[in-house]
Amino acid sequence: MHFSKDRITALEKHTRTHFINSLSGFKSANLIGTQDGQGNTNLAIVSSVIHLGAHPPLVGMIMRPHSVPRHTFENIIETGVYTINQVNNDIYQQAHQTSARYAKDESEFDATGLKTEYLNEFNAPFVAQSRLKYAVKFVENQHLAVNGTELVIGEIMDVYVDESALQSDGFLDLQAIDTVAVTGLDSYHTANKLTRLPYAKK
């Protein structure tokens, strides 16, 4: 099948959204934990977390346009900190529910039954049930004029991971901790590793 730009544009809005969101393939499913200056907690599922560099350890994510209240983005700008919590097989349904539109004074933690956890005096909540989570300090955001989204860049400060995932060379075996992936907006998957290949040389 061939989808030209005109054919894509002609698709019904929700159909087009699912179609385009599926093109990028399997993505990581992460819960972003924040709180505002009054301590009101917020939790949002995000599938756009990307590695930006290891030295220093930087991570980025795309936030939707700030044309309506975006509690996660607002809390990050206000407090300068947030947590990234990978979603596993035990919590993916609760994680998905955080995408519902809750009021600012309604905590997605409370609404979904996910538990807050505060570690090492970091001023943002972790998800207790997540098996790989890290504390992030906000560095900068870039407004993308092309579609109004925000690229949020942060520095990884602390990492908490189940020992079963850590291998001797630093590689994290995500399959060992039942990490799930997401495609499109609502399809969740478990992964089966094929193998690890040696460093490619010419």
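**Notebook: surface, fold and Lys 27**

I looked up the accessible surface of the protein chain first: it comes to about 12200 Å², and 52% of that belongs to carbon and sulfur atoms (Shrake-Rupley method, 1.4 Å probe; for residues, only the protein chains shown count as cover). I note that this is a predicted model, where local features need pLDDT of at least 70 and side-chain atom pairs count only at pLDDT 80 or more, while totals for chains, interfaces and linings use all residues. Residues are numbered from 1 along each chain as its sequence is written, and side-chain values use heavy atoms, without hydrogens and water.

**Overall form**

I found five helices and twelve strands in the protein chain (DSSP runs, H or I of at least four residues for helices and E of at least two for strands, numbered from the N terminus). The C-alpha trace spans about 50 × 50 × 30 Å along its principal axes. I checked burial next: 37% of the 202 residues count as buried (under 20% relative accessible area; exposed is over 50%, partly exposed in between; 1.4 Å probe, protein chains only).

**Lys 27**

I located Lys 27 in strand S1, residues 27–28. Leaving out residues up to four places away in sequence, Lys 27 touches Asn 21, Ser 47, Ala 181, Val 182 and Gly 184 (contact: heavy atoms within 4.5 Å). Lys 27 is buried but has no salt bridge (a side-chain nitrogen of Lys or Arg within 4 Å of a carboxyl oxygen of Asp or Glu). The nearest side chain of opposite charge is Asp 186, 9.6 Å away (Lys and Arg count as positive, Asp and Glu as negative; His and the chain ends are not counted).
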